[in-house]
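This briefing covers backbone geometry at selected loop positions, then overall dimensions and packing. Please read it alongside the sequence and coordinates.

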Amino acid sequence: YFIHPDEFTDAVVTISGDDAHHLIRVMRAKPGDTCIVSDGVSREALVRIRSLEDRQVTADIVDRLPMENEAAVDVWIAQSLPKGDKMELVIQKGTEIGAVRFLPFVSERTVVQLDGKKEGKRLERWQKIAKEAAEQAHRNRVPAVESVLSWKELLRTASEADAAWICYEKQDAQQLRRAIREAVTKRSDRTDGSRVKLMLIVGPEGGFSEREVSEAESAGCVAVGLGKRILRTETAAMVGLTCILYESGE
Ligand code: SAM
């Protein structure tokens, strides 16, 4: 299952780079073999391999497949940058479960220091993790992983979502259920086929300050609880995501 062929026309796809290498050397594919490719956005097809050259595979489209493995709503996970390699875990597991966008950000109590020179490499690594997790989960889309945002930039991005929820342990869990149901109702009201975009904002190990929660509320976000137990930051993102997809029917 390969996402992102270089060319995806009505009749043919070409695959190169690591994906071609994987097909040729690891899967030992031969001309005439079939596989499924996806452009990672909106198209998926069953293809038959025509030729395999050094790191370049060309295949003919046999059948177009419906895009059916995506969740009913688009969930964006905004994660205050956690320590160590926990962001990788959030991206990998969040992709498997069904998030479509990851927005790492820095908040008041984020302890991780950014290193300008290494940020590009780190973002590339996160995007690779999202791609591999999307392939293994048979997703139709590869989630987008954005570069690290400031708190202000994050709140601006929140205004682009249909609803933005800031996870706050002092809030009761009923609020999340109510908010999700409201958002799902909005979805069924839509007639133009556009997808509902929901943003879940999760704090760092030290949590959000009261000031941040009230700034988020002023920016239109709703504070939600995830239950009485205090979850680790990476657990909170997965629990929130799962609740949203469960309540929205996927
Ligand atoms: N000290 C632990 C750690 O090292 O990860 C827990 C930190 S918890 C304060 C981190 C973030 O997870 C919070 O800012 C909040 O966004 C979210 N969170 C954890 N438990 C939660 C709950 N019960 N309800 C809502 N959000 C929660």
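His138 is partly exposed, because 14 other C-beta atoms lie within 10 Å, and a residue counts as exposed at 12 or fewer and as buried at 20 or more. The model is predicted, and in it His138 sits in the loop between α3 (116-136) and β9 (144-145).

**Positive phi in loops**
- The phi of His138 is near 55°, a positive value in a residue other than glycine.
- Arg28 is not a glycine either, and has a positive phi of about 55°.
- The loop that holds Arg28 runs between α1 (17-26) and β4 (34-38).
- Arg28 is exposed, because 9 other C-beta atoms lie within 10 Å, and the cut-off for exposed is 12 or fewer.

**Dimensions**
- The C-alpha trace of the protein spans about 60 × 45 × 30 Å along its principal axes.
- The radius of gyration of the protein is 20 Å, which agrees with the value near 18 Å that a compact globule of 250 residues would have.

**Secondary structure, burial and contacts**
- The protein contains 7 helices and 12 strands.
- Of the 250 residues in the protein, 36% are buried.
- Among contacts in the protein with a separation of 6 or more, 75% join residues 24 or more positions apart.

Key: Residues are numbered from 1 along each chain as its sequence is written. This is a predicted model: local features need pLDDT of at least 70, side-chain atom pairs count only at pLDDT 80 or more; totals for chains, interfaces and linings use all residues. Helices (H or I, at least four residues) and strands (E, at least two) are DSSP runs, numbered from the N terminus. The radius of gyration is taken over C-alpha atoms; the globule rule is 2.2 Å times the number of residues to the power 0.38. Two residues are in contact if their C-beta atoms, placed from the backbone, lie within 7 Å.
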